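Look over the sequence and the structure before reading on.

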Amino acid sequence: MNTLHRTAALVCLSLAFGAAAQPNAPVPAPVPANEANLLGAPAFANSNLNAPLFYQLLLGELNISAGEPGTGYSLLLDAARKQKDPELYRRAIDVALQARSGDAALIAARAWADETPTSPEARRYVLQILLALNRVAESGPVLQSILQAASPEERNDTINAIPQTYARVTDKAAAAAVIRGALEPSLKQPAYAAAAWTTLGRLDLDQNRLPEALAAAREGHAIEPASPFPALLALELLERGQAGAEVLVRQQLAANKTPSASNTAVSLAYARILIDQERNSEARTQLQALTASQPEQADPWLLLGSLQAQDNDLTNATASLEKYMALARQSSEGRAARGLTQAYLLMAQMAEKRNDFPAANAWLDRIENADDIMTAQLRRASLLARQGQMPQARALLRAQPERRPDDARLKLVAEAQLLREFKQWQQSYEVYSEASARFPDNTDLLYDQAMMAEKAGKLTDMERLLRQLIAAKPDYHHAYNALGYSLAERKVRLPEAKQLIEKAVELAPGDAYIQDSLGWVEFRMGNNARALSILQAAYTKRPDPEIAAHLGEVLWAQGQRDQALKIWREGLLQAADNETLQGTLKRLQVKP
């Protein structure tokens, strides 16, 4: 017997048979459970751990500690089989995985699944280990058994979790084939078909097969029009610019008559996408319907209030935000604190618009989250600047303590943004220059510095900085677009401008703003028909006031005056103070 085994034996003998070594020692009588409770002591529950099993487990753990995981694993697995104990199976699997023996872990997981065929956890272990070993083809039967064992109430959730389970598999096509085979029965069952088709669609989305993903979403939607699952997939496709996805979302919202958490998720996500696409009027309509049908949901009130504040509808914005704050204060969720901070900032901003600076400061005083203090201080600085105290505003930001490593950068960015907000271009450029010098590896700072150089009339500096940025980060599409657009706007080096913008399109083909730049340079080069086609597509994708300015000018130049006026009016409704749009109308002497 080696030292390890001898030590284990001595410990086991002393623990398991210690009482027998003291024959004269009194043996206390067991305390009945009811009497133990009366005495305030816990009732004891006997375990299945006898002396030989205790010795086996201890020996296994000692082997693992001594650097012999193979022996320890074998002892633990043998004990797990004898006892049919899930915890022992888990321990054996953990030991095998820590020893980087995936095959041993799989043996233990399969033994567990065979021993307890009703255990969903055992099957999940088998599936996860197979996928970790990249043995995707073997996972089909296991996945089928997991789906079959899931209760009717849990099966849709189990189906929806499949894409995440297979997310790290490198052979996406093989995974899709296995999953489709496992889902074949569910595709034919109305209660599960919508979730099953959505899962297949997500696999297509993961492979960037957007039309196929939309086709799968349509299949699921056709079977159960009110199901939120295909609509949530369609929302992801809408974000990726897939034509036809939005129709499915609208159809689901029309078919849904029963408020639920998942259906609320569809409405709320759709409203957020509309806001991101700057379709604020549609988003507002969507949120008004949602708050009317489910007034107890907090998040829609916050989004609605932020839109109303943006539209300068201060009375309704105040009511919406007050409703949100009342609901959020009753919530125990962590994200409610961040939402309340956003609400306080919006209330402060509205008070500032009414020139009620004490009220604005009072709202800012409510912000307690350390992560949001900088945002609150920026708002305070804005209040000071609006009262003609810009030096004090800048001093307030500079005096902010730096609690985290990134706070020094955030302070400089906040100061530069404040100066930009008040159109003090030169000073803002100087602060961005200071920030770039202190953080030379931050490409976003370099880009902001270049943009502010243009505002400050330092065009040579702007071009130098953007070319420096392109050299440092060749895939930074914003730099190519900004430089190309600047050249096109000034009608200089137009072939080079087009080349730069086409490079940006290559790097970010779905960006509507870059498409706008391409359309604009085509117009500058006299290619009106191509310019019109590109700008119409960009405006359809994102009806932004700046794109409206360019599209309207191309239409105006081609004699389509009524259509141009219509586009400009739409742009003004979104942002009446947009500089590009106002500049276009002034230059063309048009009042739409």
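Q277 is buried, because its relative accessible area is 11% (buried means under 20%, exposed over 50%, partly exposed in between, with a 1.4 Å probe and protein chains only). This is a predicted model: local features need pLDDT of at least 70, side-chain atom pairs count only at pLDDT 80 or more, and totals for chains, interfaces and linings use all residues. Residues are numbered from 1 along each chain as its sequence is written, and side-chain values use heavy atoms, leaving out hydrogens and water.

**Around Q277**
- Q277 sits in the loop between α16 (261-276) and α17 (280-293) (helices are DSSP runs of H or I, at least four residues, numbered from the N terminus).
- Leaving aside residues up to four places away in sequence, Q277 touches L238, K541, R542 and P543 (contact means heavy atoms within 4.5 Å).

**The faces of α5**
- L88, Y89, A92, I93, V95 and A96 are the buried residues of α5.
- Down the axis of α5, these buried residues fall within an arc of 160°, so they line one face of the helix (the arc is that of the directions from the helix axis to the C-beta atoms).
- An α-helix has 3.6 residues a turn, so residues three or four places apart point the same way.
- The buried residues of α5 pack against α3 (51-65), α4 (69-83), α6 (102-115) and α7 (120-132).
- E87 and Q98 are exposed on the other side of α5.

Methods. Helices (H or I, at least four residues) and strands (E, at least two) are DSSP runs, numbered from the N terminus.
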